[in-house]
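The sequence and structure are shown first.

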Amino acid sequence: MAEAQAFLEVHRLQGGAAYCILDVAILEQRNLLFTACSDGVIRGFDIHSLSLSHELRGHVRSVLCLGMDDRFLFSASSDNTIKMWDVDTLQCRCTLRGQCGDIYALLVSDRDQVFFGCQDMSVKRIDIEEVLQKSAIEQQAMLAAPFENNGEAHERRHANVELSLESLCVTVIGKHSGFVYGLARVGDDIISTGGDGCLCQWDTHGGIRMEDASPVIVESSCEGDEGEDKAAAAAGGGG
């Protein structure tokens, strides 16, 4: 029988009863740790001291998950939006609004693609460069419109651009028969897990269209529960 091993707890961050912490992401180049909170706030902490350094506000319901690369922090909320935050300024660059229900998982790949697992039981993908191009066009249109004073011009210049997911080229990788709760990447493959008790591996190697790829499915022995625990935690925490 293996001996029980004691581990030293280095830090404990206590949020209290005010909110639940539903996800975490780390920005190593700035020594920051971000938490997705059920009160709609993304909180940034110093990695070493866990002292609060930033609060990113903009979501109006629970922040369910985070994803990050070296340029952007992505956050998904039960307000049916994904927000894209610039990691240098920590300002929101763009808000994406869709009709796929809650988004429970985000994964940012090194190919400038964002994958997300949805309440509508699908795994979807968008391209970051397309988001940047369309948000730049939208912002230019805002600035070109007549304005009454310099204050309004300043507000438009720094306004958060909102795009609908339907306006983007969204690739549907595949579907589960339950909510999609987890995403991971192995090489060129995407792993998704769902409330249906299945783990799917989607082969993206060699330029295969992901929506046409056949998944490798591993079924667990437990019944799929639609992942109600996480949704209930988000709702109960103020989302």
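## Basis of the description

The coordinates are those of a predicted model.

In soluble globular proteins, nonpolar side chains tend to be buried together. In this model, the largest nonpolar core comprises 23 residues, and the members that touch the most others are F74, L96, I103, L106 and F116. At least two residues of this core come from each of the strands β6 (72-77), β7 (81-86), β8 (92-97), β9 (103-108), β10 (113-118) and β12 (161-164), and likewise from the helix α1 (128-144). Another core, of 15 residues, lies apart from this one and includes F34, L56, L73 and W85.

Strands β9 and β10 pair in the antiparallel sense, with five bridges between them. Across this pairing, L106 has F116 in β10 as its bridge partner; both residues are among those that touch the most other members of the largest core. Strand β9 is mostly covered, six of its six residues being buried.

Four residues separate the two strands of the hairpin, and D112 adopts a positive phi near 60 degrees there.

## K124 in strand β11

K124 belongs to strand β11, which spans residues 122-127. Is this lysine buried or exposed? Its relative accessibility is 12%, so K124 counts as buried, the cut-off for that class being under 20%.

The side chain of K124 makes a polar contact of 2.8 Å with the side chain of D120. A further polar contact, of 2.4 Å, links the side chains of K124 and S122. Leaving aside neighbours within four places in sequence, K124 is also in contact with C100, V114, F115, F116, C118, V170, T171, V172 and I173. One of these residues, F116, is also a member of the largest nonpolar core.

## D196 in the β15–β16 loop

D196 is located in the loop that runs between β15 (189-194) and β16 (198-202). With a relative accessibility of 18%, D196 therefore counts as buried.

Within this region, the D196 side chain reaches the backbone nitrogen of C198 at 3.1 Å. D196 and S177 are separated by 19 residues in sequence, while their C-alpha atoms are 5.6 Å apart in space.

How values were computed:
Residues are numbered from 1 along each chain as its sequence is written. This is a predicted model: local features need pLDDT of at least 70, side-chain atom pairs count only at pLDDT 80 or more; totals for chains, interfaces and linings use all residues. Side-chain values use heavy atoms; hydrogens and water are left out. A nonpolar core is a set of buried Ala, Val, Leu, Ile, Met, Phe, Trp, Tyr and Cys residues joined through side-chain atoms within 4.5 Å. Buried means under 20% relative accessible area, exposed over 50%, partly exposed in between (1.4 Å probe, protein chains only). A polar contact is a pair of N or O atoms within 3.5 Å; within protein, one must be able to donate a hydrogen and the other to accept it, and residues adjacent in sequence count only if both atoms are side-chain atoms. Contact means heavy atoms within 4.5 Å. Two strands pair if DSSP finds at least two bridges between them.
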